[in-house]
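Have the viewer open as you read.

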Amino acid sequence: MLILKAVSLRPQHGYGVLLRIQQIAGGALSIEQGALYPALYRLEHHGLLASEWGSSENNRRAKYYTLTAAGRKRFHQETESWNHLVSAMAAALRAKREGA
């Protein structure tokens with residue numbers, strides 16, 4: 001879900017995705033490169049991301065990722081599911097001891 005969010009903001013190359021996730025999470029989350037690239041491959045393989053080769057900010061060849069229509073749909077579904085889970089967890093944590 002975080003990868004889809006990062007790519008939804010603008011097309012990104014792999015390392016850019018990693019940096020964007022760290023940025024939007026305020027530095028509280030980080031993803032290891034060894035986990036990121038297989039995840040990007042899987043998302044592309046499942047049709048959620050499209051890619052094309054381009055040049056990075058430092059003129060290196062880089063693969064840039066964009067969301068496909070299926071990726072936008074999945075991101076929306078995953079976001080709704082996550083928000084529902086967060087609401088349920090918050091409700092459970094607000095529960096008071098009976099008789100208190």
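Helix α1 (residues 2-9) packs against helix α2 (residues 14-24) at an angle of about 100°, and their axes are 9 Å apart. Here the axes are lines fitted to C-alpha atoms over the stretch in contact, with angles running from 0 to 180 degrees between N-to-C directions. Helices (H or I, at least four residues) and strands (E, at least two) are DSSP runs, numbered from the N terminus. α1 and α2 are therefore roughly perpendicular to each other, a label that covers 65 to 115 degrees.

On the α1 side, Leu2, Ile3, Lys5, Ala6, Val7 and Leu9 meet Val17, Arg20, Ile21 and Ile24 of α2; contact means heavy atoms within 4.5 Å. Those residues divide into 8 nonpolar, no polar and 2 charged. Nonpolar covers Ala, Val, Leu, Ile, Met, Phe, Trp, Tyr, Cys and Pro, charged covers Asp, Glu, Lys and Arg, and the others, Gly among them, are polar.

A word on the source: this is a predicted model, where local features need pLDDT of at least 70 and side-chain atom pairs count only at pLDDT 80 or more, while totals for chains, interfaces and linings use all residues. Residues are numbered from 1 along each chain as its sequence is written, and side-chain values use heavy atoms, with hydrogens and water left out.

## The core

The largest nonpolar core has 16 residues, and Ile3, Leu4, Val7, Val17 and Leu49 have the most contacts inside it. Such a core is a set of buried Ala, Val, Leu, Ile, Met, Phe, Trp, Tyr and Cys residues joined through side-chain atoms within 4.5 Å. At least two of its residues come from each of α1, α2, α3 (33-45) and β3 (61-67).

Not counting residues up to four places away in sequence, Leu4 touches Leu43, Leu48, Leu49, Leu67, Gly71, Arg74 and Phe75.

## Two buried loop residues

Thr68 sits in the loop between β3 and α4 (69-94). Its relative accessibility is 19%, so Thr68 counts as buried (under 20% relative accessible area, with exposed over 50% and partly exposed in between; 1.4 Å probe, protein chains only).

Ser56, in the loop between β2 (49-55) and β3, is buried too, at 9%. Beyond its neighbours within four places in sequence, Ser56 contacts His13, Ala62 and Tyr64.

## One salt bridge

How many salt bridges are there? The count is 1, where the rule asks for a side-chain nitrogen of Lys or Arg within 4 Å of a carboxyl oxygen of Asp or Glu. Lys63 and Glu44 form the pair, at 3.3 Å from N to O. Lys63 is in strand β3 and Glu44 in helix α3, so the pair ties together parts that are 19 residues apart in sequence.

Key: Parallel < 35°, antiparallel > 145°, perpendicular 65-115°, else oblique.
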